[in-house]
Amino acid sequence: MRGKRSRCSFSRLEVILIVCLGLMIALTVVLLVLHFLNKNNSNNNMAEEAKYLVGVGRADCTGPVAQVPLMGYANPEQVAGGLLSRLYSRAFIVADPERSKRVVFVSADIGMVSQRLRLEVLQQLRSKYGDLYGQDNVILSGTHTHSGPGGYFQYTLFWITSKGLVRPALSSMVNGIVKSIDIAHENMKRGRLFINRGTVENSQINRSPFSYLENPESERNRYSSNTDKEMVVLKMVGEDGHELGLISWFAVHPVSMNNSNHLVNSDNVGYASYLFEQEKNKGMLPGEGSFVAAFASSNLGDVSPNTRGPFCANTGESCDNPQSSCPVGGAAMCMAKGPGNDMFESTRIIGQNIYLKAKELYEKASQEVTGPLSSAHQWVNMSDVSVELNATHTVKTCKPALGHSFAAGTIDGVGAFNFTQGSVEGDPFWDQIRDQLLGEPSNETKACHKPKPILFSTGEMTWPHPWHPDIVDVQIAAIGSLAILAVPGEFTCLCNVYTHYITTYEEYQVQRYEAASTIYGPHTLSAYIQLYRGLAKAIALNATEELPRGPEPPLFNVTNLTLLPSLSAENAPANKNFGDVLEEGGQEYREREVAEVTFVGANPRNSAENATEHNFLTVEKYSNISSSWHVVLNDASWDTRFYWSKGSRGQSNVTIEWHIPAGTEPGVYRLRYFGHYKRRVSLLHTVTVPFEGSSSAFQVTAP
């Protein structure tokens, strides 16, 4: 018996080895199963990867950079006098070829999208593509830079500070937007979309915190801050892994450049786009390369980048009070400060903050966006919308009107005269002037807008054209689980048509600037919520075809109506030619110094009206290897500045600055200037003549 037990037994070591072998076999089986499951999932994912067609495109939409009023601060004295950075339209197309559905999203470096701009873009798209791209599936969004050219509106109010309708500015935007869509259309390829979210710190403040506090406490308790700090990033990648682009949405006003600025530029969000595109398009000049990065507008209505808050310019004390007013000088002295020593540095700081967060979210984006594409659109008469607040109460929106606090401006850009924010009573002096010049608001409009004291009853002013739109777009585009709401005013995206601000009912009651600029009355927000619920329901029920189109807006017969000075023949100083150097720079510079050269110049409007994507300047480096000059920077760079100053007797000067950044490669450089001047060939006829100039060579030395 002992012998049998001895032959059948195992030692302790053998038992351990057998158990380990069994575990290894089991683990191997599990790993193989997981491998094949993952392979199957991967194959399924590849099917998803190939579902969308994705296209991106970027095109210049800068337009004239001289004499045209800048759009945003409504300051007639703030006219363009040069260029800090070019303005671009960035287009993104997502298509589902199986269902023949497409969505187009465009973010353009402009103040806002006007109705005229949208209608002309849609006309051009229709002539090129038929019904492929139209009002239902094309969203046009402005970044809301306050440093882009104005003059592209058809409603009279916007003509006052823009000197009318400026055709070259409008045409540059229309052509740039259409071209960016063309490029995206031509470059469509199989691709994948990923979404990510994160919090951005130290980049914004609420510029109307006293209005925000009027909202119910239960509502405010839902949020950790009085501004929306969340950034949403949509990442686009080709099926082969090639990076295509991104759209970032973050709530901040592009007003780091204040109302003393005269250089056309795309402000903080444009600088973020510049940094991201330079990072991804290695070795390319600014504005070139296939990767497209848009930093689009979001719910920025009361959000300022001037993070140090409001201070009295004359005394330095805080003016963070309900009227944003100073003891001496009133509201005109109360201005917010950005984080930098000047507006240029503040622009870079905020822009870099936004860029760095977007880069982090882009790199970590792993949540894939999948699902069907859909879009819904309606034209709506916003001056006559019935809103069901509950089962027993129905209210209506109003004819457009602006309140007294509209004229006070904001801490980002103050207004004029003695207007202050928070005005719930009119001023007899200004009301009398209004009544005599423009007419008194009707009792119906006054009652509808209460407690707003009406300064301009724009909905009742129709000469020479209506002063404000009645008919606006409401639109939703859905890409799988991602929904983009295109709202025509400042609380979400500045899309399709501009109608100023939209505040809550509670914020409306205290009538700070944003409330005074809520032109359709106290129930504007409720009306939009109702309208967008209708669009969302139609998308959810696959019933968008059943939505009524609504009343289409007018396209007024205005081609060019402007108070801009006409372009006339120009002259160079005696014994000088256009492009000659008037003031030469130094012979040697170090990084962080400024190379500056002044040339015999000409009106930059000549170039904008006679050339496409014209570069006003280049920075060139000499190569000893090829014995030739090579362009290293153009006028789209944020390190260069182009200033134009008009003189007398048809003469003008151009000054080019290169703010030499840290890390610049030592070597021999020069600055070049390119322009066009008007030459008279007969009593009534001039021709446009191109010219160029160059500085002397100078040395950039090692630090």
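Colleague: Where does Pro451 sit, and what makes its peptide bond worth a look?

Modeller: Pro451 falls in the loop between helix 11 (443-449) and strand 24, where helices (H or I, at least four residues) and strands (E, at least two) are DSSP runs numbered from the N terminus. The bond that joins Lys450 and Pro451 is cis, with omega about 5°, whereas most peptide bonds are trans. A cis bond also joins Trp463 and Pro464, with omega about -5°, and Pro464 belongs to the loop between strand 24 and strand 25 (471-479). Please bear in mind that this is a predicted model, in which local features need pLDDT of at least 70 and side-chain atom pairs count only at pLDDT 80 or more, while totals for chains, interfaces and linings use all residues. Residues are numbered from 1 along each chain as its sequence is written, and side-chain values use heavy atoms, with hydrogens and water left out.

Colleague: Why is His500 called buried, and why is Arg592 called exposed?

Modeller: Buried means under 20% relative accessible area, exposed over 50%, and partly exposed in between, with a 1.4 Å probe and protein chains only. His500 has a relative accessible area of 5%, so it is buried, while Arg592 reaches 67% and therefore counts as exposed. His500 has a positive phi of about 65° although it is not a glycine, and phi of Arg592 is near 75°, also a positive value in a residue other than glycine. Most residues other than glycine have a negative phi. His500 is placed in the loop between strand 27 (494-495) and helix 12 (505-508), and Arg592 in the loop between strand 30 (588-590) and strand 31 (594-601).

Colleague: What makes Tyr643 partly exposed, and which residues does it touch?

Modeller: Its relative accessibility is 27%, so Tyr643 counts as partly exposed. Tyr643, a residue of strand 34 (640-646), has contacts (heavy atoms within 4.5 Å) beyond its neighbours within four places in sequence, including Gly81, Leu263, Phe344 and Val654. Val654 is 11 residues away in sequence, and its C-alpha is 5.6 Å from that of Tyr643.

Colleague: Why is a set of 100 residues called a nonpolar core?

Modeller: The name applies because such a core is a set of buried Ala, Val, Leu, Ile, Met, Phe, Trp, Tyr and Cys residues joined through side-chain atoms within 4.5 Å. In the largest one, which has 100 residues, Leu117, Tyr152, Met382, Tyr528 and Trp658 touch the most other members. Helix 14 (residues 524-540) gives the largest share, 8 residues. In soluble globular proteins, nonpolar side chains tend to be buried together.

Colleague: What makes a space a cavity, and how many are there?

Modeller: On a 1 Å grid over the protein atoms alone, a cavity is a set of points where a 1.4 Å probe fits but cannot get out, and its lining residues have an atom within 4 Å of a point. Grid points are joined across faces, edges and corners, and a volume is the space filled by probe spheres set on the points. By this rule there are 6 cavities of 30 Å³ or more. The largest cavity holds about 120 Å³, and among its 15 lining residues, Tyr88, Arg90, Tyr274, Glu277 and Ala636 are the closest to its centre. Helix 8 provides the largest share of that lining, 4 residues.

Conventions
On a 1 Å grid over the protein atoms alone, a cavity is a set of points where a 1.4 Å probe fits but cannot get out, and a pocket is an open set with protein on both sides within 12 Å along at least five of seven lines; lining residues have an atom within 4 Å of a point.
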